[in-house]
Amino acid sequence: MNNQGRPTRPVETSTGETRTFTGNRGLDIEEPLLFEIGRLETTGVDIDEPPAHPDRLGDHARRGRIGLPGLSEPETLRHYVRLSRKNYAIDSGLYPLGSCTMKHNPRLNEKMARLPGFADAHPLQPVSTVQGALTLIKQLAHALMTMTGMPAVAMSPKAGAHGELCGMMAIKAAISAAGETSRKVVLVPESAHGTNPATAALIGMSVRTIPARADGTVAASTVRDALGRDVAAIMLTNPNTCGLFEPEIVDIAAAVHEAGAYFYCDGANFNAIVGKTRPGDLGVDAMHINLHKTFSTPHGGGGPGAGPVVLSQRLAAFAPVPYVVEREGRLDLVEHAEGQELGRMCAFHGQMGMFVRALSFVLSHGADGLKQASEDAVLAANYVRVCLMDLMSAPFGERPCMHEALFDDAWLKDTGVTTLDFAKAMIDEGYHPMTMYFPLVVHGAMLIEPTESESKASLDLFIMTLRDLAMRAKRGEVERFVGAPRLAPRRRLDETRAARTPMLRWAAAAG
Amino acid sequence: MRYLPLSADDRRLMLAKAGVADIDALFADIPGDRRLDNLLAMPRAMSELAVERALGTLAAKNVAAGSAPFFLGVGAYRHHVPATVDHLIQRSEFFTSYTPYQPEIAQGTLQVLFEFQTQVALLTGMEVANASMYDGSTACGEAMLMAHRLTRRRKAVLSGGLHPHYAEVCATLARFAGDEIDRLSLDPTAGEDIAAAIDDQTSCVIVQTPDVFGNLRDLTPITEAAHAKGALLIAVFTEVVSLGACRAPGEMGADIVVGEGQSIGNPLSFGGPYVGLFATRAKYVRQMPGRLAGETVDADGKRGFVLTLSTREQHIRRDKATSNICTNSGLCALAFTIHLSLLGEAGLTRLARVNHANAVDLAGRLARLPGVEVVNHSFFNEFTIRMPEPAAVLVEALAARGIIAGCPVSRLAPRAGLDDLLIVASTEINTDEDRAAFADALRAAL
């Protein structure tokens, strides 16, 4: 007791769930939709009404209400701060989402992207007024070519899948230019990202799926058997989606080239090998680089990214517009095709904001730091792999992995616990689950990518947590898993209901 | 290296645990003769201060839009963004989260996307909107492909008022898919006869309003002509603030509405990242590209949100997917939603009135200059002037006087024979003094 009579020690009470009047649970506060709290007449932005002026809208003026509610500034802050607290984030914990590379986002990159010279430059300003921006693009392009050992790069694609489209278009353009229009098949391993076959389909090519070996990699002999005069290209992810470096990649590239086809490499996992080997030395003709994965970016709930594509000499001429050139001692933009360019992929010049962040990351790391980052990412994944291997099943045995460790669900057989249940139980332990059920070639896949951003203490706690959960699953504590998560802002959501009766926007309640 | 937490001791212990002698043993699958023995030919690691110096030097070589009277638009607009927006999007929990694949711990992002979809649907006058595309131009290309799927036809008619970059994105997609494009010639006065170009092979007509020259277009008769031939109407906008003053495309019968959302919440950033808006009719939703957030309930019956209808998407449907898009513009969509929540209908419509008033004022000043003519019948915050000399020359002359004057049509279409046209925008950013300085400088340069 202090001298005002306020108790300073907790009182012993029986535990049990507390039902609150508000539905809130301490710091976890229920938050309505904007449309339930906003008002049509409210605004959080003070704007002076303009002076009287002639109307030049013609007869195109809006009639009637839009129906958009507004909030004052303090209400806006509270609404979105409360919503933000319902998210898991890298800044708050380990985010082992395989294939997505959730590494630390240096805040320096944000500061640099917000410099007025970059953030407040318009893409159509006279080129004399944006020499710094063009220099930055050129410097980043140079760094990407150096890291990949490739002679050219197309900077404008807006994300990985857009880069794939760009690279495959360049391949198709080169094939057309050579008069080889019968090449309309793309070889895609069954373990590939879904974007690969979707991209091939977008440019009117058909997909021939090639199987992986039992060890999770692609055999050069399989590729050779699938090649023919109808094949335009192979799309191969390396390191692949099982987290393995394709050991026969050089032979695969040679076979593909011998058959007159091109080697497209999905560079989603380039982060594992930067500074260790160069795709250009492996025989790659085109590869997109997810700047937002390899060189970090604030993912912001799903983008934006950037997907520049490095190109081999025989594809370089087919890169899209625009691109930066040096003319008479200054930098200029080529915005209209002058030769065999494949055309334009998007308005303006690409994801400048991501370019600044990526270059900031690259300069900060330097050649030594980039190599160390790759090594640490690979080391962390292998550490996690060996520390869990006695409890969980690794489909490809004791083989070392690259930057991500893959497990299947064989070890859960007969426990009554699925990969999904195991992942949801991780949420109750304060972790974002790993990637689940991808790649498709492994049953009940769990793909763990810890990245280079985790300390050993953080990795050890993560490993101990997964070991504890794994032992509980094996001991038959099914209830713990099938009901999980219990401690998150929401329990499992009914996805079937969402898909069967789609409610994709707010609508005022009837009556 | 400040971003890497492992110490040399940690690495040694972890390598031992992994059962390998050195780190290169973990890279053993890389063929020996293809391994890099030396460091990449790049500079070594730099301190935060050194990187700031290097990039600060580059940034200083650009003329920031805010440092000069500034009148450029054409698909990217300079607007004032309240300080609250950038503060909120940098909340770690929004900023450093990924695509909401685990909805129980991503309700923040999912609810924002649901709010975003609702705002976009309301603004465009449509029934449903997706959770964003890369930008307006790629959204436009995706809309064309969606129309092909819906109509099972493969020819798109592109208005001559469509932003040339958008038209080129469509042309690139069409060329590689083997589809047909009928692109009408650039049309500064909106006098084209689009209906005459529609036939029974046409899948869609793509029309922009305000168009690239700033003209406002009535989509109703074009929609009727398209529908009469079984084609769809795709409405495009590049300035979303115009929807605060002008009729919504949905009211004029559009089947798909796409546009650029950068103006609300997002900086110019030299062309990206931006946020593509994509809306359509409910009956077409299963052919829509991109992610969708939908409402549902959790195991306790509480309302919650999930990504839904994903059987349209590449990770499920692979080569039969509606699009190959995966990463979108989540963070830019968040900025859009927060800024629009701050504005509300009252703020957005007033902002639109200020934009229109500023543009009307500028058009009046420029039209009074000898030899200068405003070509538009109508406009919102952007219009086109015809000048007695090539616009590109005058723009350079004005840039030398510290004024960013607008975009010469020749920059967008060098072979169109429209070298005397300049596209000029005036938003709420511009002051009376800015507009007077522009008119004075142009008078002096002519």
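Reader: In chain A, what share of the contacts with a separation of 6 or more comes from residues 24 or more positions apart?
Author: That share is 72% in chain A. Two residues are in contact here if their C-beta atoms, placed from the backbone, lie within 7 Å. Keep in mind that this is a predicted model, where local features need pLDDT of at least 70 and side-chain atom pairs count only at pLDDT 80 or more, while totals for chains, interfaces and linings use all residues. Residues are numbered from 1 along each chain as its sequence is written, and chains are lettered from A and ligands numbered from 1 in the order in which they are written.

Reader: OK, and how many helices and strands are in chain A?
Author: Chain A has 17 helices and 12 strands. They are DSSP runs numbered from the N terminus: H or I with at least four residues for helices, E with at least two for strands.

Reader: What's the strand order in the open sheet of chain A?
Author: Its seven strands run β1-β7-β6-β5-β4-β2-β3, with mixed pairing. Two strands pair if DSSP finds at least two bridges between them.

Reader: Which strands stand at the edges?
Author: Those are β1 (152–154) and β3 (206–210) of chain A. Each has a single partner strand, so one side of each lacks a neighbour in the sheet.

Reader: How do β4 and β5 of chain A pair, parallel or antiparallel?
Author: Parallel, over five bridges, between residues 231–237 and residues 262–266 of chain A. In β5(A), D266(A) is the bridge partner of T237(A).

Reader: Which strands does helix α7 of chain A lie across?
Author: Helix α7 (residues 195–202) of chain A lies across β2 (185–189), β3, β4 and β5, at about 175 degrees to β2(A). Axes are lines fitted to C-alpha atoms, for helices over the stretch in contact, and angles run from 0 to 180 degrees between N-to-C directions.

Reader: Switching to the interface: how many residues of chain A are in contact with chain B?
Author: 177 residues of chain A, against 167 residues of chain B. Helix α13 (residues 352–388) of chain A gives the largest share of chain A's side, 24 residues.

Reader: Last one, why does G32(B) count as exposed?
Author: Because G32(B) has 6 C-beta neighbours inside 10 Å. G32(B) is in the loop between α1 (8–18) and α2 (48–60) of chain B.

Conventions. Buried ≥ 20, exposed ≤ 12 C-beta atoms within 10 Å, placed from the backbone.
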